[in-house]
Amino acid sequence: MRSRDALASVLAIAIVVALGACSREERGPTTPFAAQPAVVEDVLDGDSLLVRIEGGEGPLEHGTARELALSEIDAPEAEDPAGNSECWGAEAARFAEETLPVGSTVYVVPAQFDPPAEGRLEAFVYTKDNVFFNQLAVTQGHARSLAEVFVVRLGAAQSDAQERDRGMWGPPCDYQPSPSPSPPAEPSPAAS
């Protein structure tokens, strides 16, 4: 039953984002219709923000502050609890700060069909100018794709960034993702 609910959530999110052409007057033509306006209160790093929800039609309560983890992407850490940072972490955070400055309006689409009322929220973020920030961060080499829902869109953006040596994919980092684990070897047929 749980996997059926998870599949329904993934499909609902894909439909919401795919219907980006459906918009209201206060949003641009490519912002998904289920996106709720929010104001950026802080940029925590290249893939997480603190926002205040400003209303709109959707599951997020007006006036609440929410920490967002940008869904389907992973940026290098600007600083971990021990004070260390990963290569390109500061640059990824600076890119997010410049693109989503404190006080700017963004549009938030929760990555869960029924998002939690509290705690960190997985979300997709669009700028006021209708730019899909999650994709932009990957395209510009400031994050890598962890796409499950947007495999094609974010995967293509990452390939483009890698081919052009953008951000963490070029010098000085020359980021190399960890190799995927090999599948277990097929057992050889038993001799009869």
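The model is predicted. Of its 192 residues, 41% are buried.

**Overall fold**

- Read from the N terminus, the elements follow the order α-β-β-β-β-α-β-β-α-β-α.
- Contacts between residues at least 6 apart in sequence include 52% that join residues at least 24 apart.

- Strand 1 (residues 36–45) pairs with strand 5 (residues 105–110) in the antiparallel sense, over four bridges.
- Within this pairing, Q36 stands opposite V108 in strand 5.

**E122 in strand 6**

- E122 lies in strand 6, which spans residues 121–127.
- Because its relative accessibility is 34%, E122 counts as partly exposed.
- Although E122 and A69 are 53 residues apart along the chain, their C-alpha atoms are separated by 4.8 Å.
- Leaving aside residues up to four places away in sequence, E122 touches A69, L70, S71, P110, A111 and Q112.

**Salt bridges**

- The structure holds six salt bridges.
- E54 and R52 form one of them, with the closest N and O atoms 2.8 Å apart. E54 is partly exposed at 31% relative accessibility, and R52 is partly exposed with a relative accessible area of 29%.
- A network of salt bridges links E41, R52 and E54.
- E67 forms a salt bridge with R120, where the closest N and O atoms are 3.6 Å apart. This pair links distant parts of the chain, 53 residues apart: E67 sits in strand 3 (residues 65–70), and R120 in the loop between strand 5 and strand 6.
- E67 has a relative accessible area of 31% and so is partly exposed; R120, with 47%, is also partly exposed.
- R164 and D160 meet through their side chains in a salt bridge of 2.6 Å, N to O. R164 counts as exposed because its relative accessibility is 53%, whereas D160 is partly exposed with a relative accessible area of 21%.

Methods:
Residues numbered from 1 in each chain as written. Predicted model: local features only at pLDDT ≥ 70, side-chain atom pairs only at ≥ 80, totals over all residues. Heavy atoms only, no water. Helix = DSSP H or I, 4+ residues; strand = E, 2+ residues; numbered from the N terminus. Buried < 20%, exposed > 50% of the residue type's maximum accessible area, 1.4 Å probe, protein only. Contact = heavy atoms within 4.5 Å. Pairing = 2+ DSSP bridges. Salt bridge = Lys/Arg side-chain N within 4 Å of Asp/Glu carboxyl O.
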